[in-house]
Amino acid sequence: MDTMRDKPIKFSTSVFCLIILLSVYNSTAELRRLVQPPKSDGTLSFLVVGDWGRRGSYNQSQVALQMGKTGKDLNIDFVISTGDNFYDDGITSPYDCQFQDSFTNIYTASSLQKPWYNVLGNHDYRGNVAAQLSPILKDLDCRWVCLRSYVVNADIVDIFFVDTTPFVNKYFDEPKDHVYDWRGVLPRNKYLKNLLADVNVALQKSVAKWKIVVGHHTIKSAGHHGITKELEKQLLPILEANKVDLYINGHDHCLEHISSINSGIQFLTSGGGSKAWKGDVNEWNPQEMRFYYDGQGFMSVYLSEAALRVVFYDGYGRVLHQWNTYKEGIYTDI
């Protein structure tokens, strides 16, 4: 078992650490709610990165460097991680040195000293899940926010983080030589039933201008993993019924934008935080496929009450794709 090295942890001194994120429980749903204040002008901007935790290797450090530069340019409010935070098998305890080696010592730019809202990926479930959820990690690095499923309320937008790994049958039926930490998930059917009900209730009660759902696993993707059938069957109808604007995921190690022809949902993959799968792409309906890049990178999101802008960047900070939409339903690619 890894242990934290003797050298002292570098604690973040960002102003956000002085902000107490309020958390309450919805009276009818179980999803925990965190409050993220927007800027004084009511706008928000944030970065999204996924599948990153490799102690800086596979260009993780290069992506982190560019994230820091872009984060400064955009004056971001927070960062979202789409999961697979620590490869290959999560972390073993809250004091596992990989937390420092893959997170604290990598994302060092001043612009990234903001809250990091995380979901768990399948590789995280191969480790000690309780360790990633432990408040000890927030004591070690006050940026870290990780719960199974929860809502971040930022006034003009509600962001719903959904624990997608327990939906996937093969992790239970065909785990191969992997051991998954299902504590807190079993009995599985009850866990998923309650989670879907809670997500549905939370979405129904949302009065925010924008609704964004974040999960690790894909719903629509032309990448290596493709469609997650369990989410397509169980979660997607809830997203469509509640008119969600964006579904953001990782899991496929690429950058991708798919527009649904059946609803207004935009499916965005940001799983290029480190190791990418070059050339691993499948055919997709050209009416839906807006953008695909099989390399490292990240994305940004800007929101105002009336407008939303998504930008994808490669590992050198170059803009690869940009998409704008407006609450009136008019959008244009740039």
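Is Asp 51 buried or exposed? Asp 51 is buried, with a relative accessible area of 0%. That value comes from a predicted model. Asp 51 is one of four residues that an unreviewed UniProt entry lists under "binding site". This briefing starts with those residues, then turns to the backbone.

**The listed site**

- The UniProt entry names Asp 51, Asp 84, Tyr 87 and His 253.
- These residues span 203 residues in sequence, yet no two of their C-alpha atoms are more than 13.1 Å apart, so they gather at one spot.

**Asp 51**

- Asp 51 sits in the loop that runs between strand E3 (44–49) and helix H1 (60–74).
- Asp 51 counts as buried because its relative accessible area, 0%, falls under the 20% cut-off.
- Beyond its neighbours within four places in sequence, Asp 51 is in contact with several residues, including Asp 84, Tyr 87 and His 253 from the listed site.
- Its contacts also include Thr 82, Gly 83, His 216, Gly 250 and His 251.
- Ser 270, Gly 271, Gly 273 and Ser 274 are among its contacts as well.

**His 253**

- His 253 belongs to the loop between strand E10 (246–249) and strand E11 (255–259).
- With a relative accessibility of 5%, His 253 is buried.
- The side chains of His 253 and Asp 51 are joined by a polar contact of 3.4 Å.
- Setting aside neighbours within four places in sequence, His 253 is in contact with Asp 51 and Tyr 87, among others.
- Other contacts of His 253 include Arg 54, Gly 271, Lys 275, Ala 276, Trp 277 and Gly 295.

- Asp 88 is in the loop between strand E4 (78–81) and helix H2 (97–104).
- Leu 186 and Pro 187 are also joined by a cis peptide bond, where omega is about -5 degrees.
- Pro 187 is placed in the loop between helix H5 (170–173) and helix H6 (188–205).

**Positive phi values**

- Asn 59 is not a glycine, yet its phi is positive, near 70 degrees.
- The loop between E3 and H1 holds Asn 59, and Asp 51 lies in the loop between E3 and H1 too.
- Asn 59 is partly exposed, at 42% relative accessibility.
- Lys 176, also a residue other than glycine, has a positive phi near 55 degrees.
- Lys 176 is in the loop between H5 and H6.
- At 72% relative accessibility, Lys 176 is exposed.

Technical notes
Residues are numbered from 1 along each chain as its sequence is written. This is a predicted model: local features need pLDDT of at least 70, side-chain atom pairs count only at pLDDT 80 or more; totals for chains, interfaces and linings use all residues. Side-chain values use heavy atoms; hydrogens and water are left out. UniProt positions are given in the numbering used here, feature names are shortened, and annotations may be inferred rather than shown by experiment. Helices (H or I, at least four residues) and strands (E, at least two) are DSSP runs, numbered from the N terminus. Buried means under 20% relative accessible area, exposed over 50%, partly exposed in between (1.4 Å probe, protein chains only). Contact means heavy atoms within 4.5 Å. A polar contact is a pair of N or O atoms within 3.5 Å; within protein, one must be able to donate a hydrogen and the other to accept it, and residues adjacent in sequence count only if both atoms are side-chain atoms.
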